[in-house]
Amino acid sequence: MATENEENGADMQSESEESAYCLARQKLESLLNKNMRIRMTDGRTLVGLFLCTDRDCNVILGSAQEFLKSTDSFSQGEPRVLGLAMIPGHHVVSIEVESESLVNSSQGM
């Protein structure tokens, strides 16, 4: 009897893990081809299209531009065009999805 309950508990746990995985995957898929702003540990900010990620949380941006951390808060400076960029996951401090790309995608539906 106890083994049957343990198996059912394990089945229910794996089902909840699968549903959490599915929700996370859907969320990531909804962000594909959206403009993102990624802040890095060294103070740089990269802006570009979210193309993919992997298990190590590395992020690939297309049409990426790099903005250096400026000492003067009023001047952003000229962006450096990178094109395709890979950001290692351990260097990511924050990720923001630009609100314009979210509004445009919801209006397209």
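**Close-up views of a predicted model**

Glu66 is buried, at 5% relative accessibility (buried means under 20% relative accessible area, exposed over 50%, partly exposed in between, with a 1.4 Å probe and protein chains only). This is a predicted model, where local features need pLDDT of at least 70, side-chain atom pairs count only at pLDDT 80 or more, and totals for chains, interfaces and linings use all residues. Residues are numbered from 1 along each chain as its sequence is written, and side-chain values use heavy atoms, leaving out hydrogens and water.

**View A. Glu66 and its arginine partners.** Arg80 forms a salt bridge with Glu66, their closest N and O atoms being 3.1 Å apart (a side-chain nitrogen of Lys or Arg within 4 Å of a carboxyl oxygen of Asp or Glu). Arg44 also forms a salt bridge with Glu66, with closest N and O atoms 2.7 Å apart. That pair links distant parts of the chain, with Arg44 in the loop between strand 1 and strand 2 and Glu66 in strand 3, 22 residues apart (strands are DSSP runs of E, at least two residues; helices are runs of H or I, at least four; both are numbered from the N terminus).

View B. Look for Met36 opposite Gly48, and for Gly43 in the turn, with a positive phi of about 95 degrees.

View C. Arg25 and Glu29 form a salt bridge, their closest N and O atoms 3.1 Å apart. The two are 4 residues apart in helix 1 (residues 2-31), so about one helical turn separates them.

Definitions and conventions. Two strands pair if DSSP finds at least two bridges between them.
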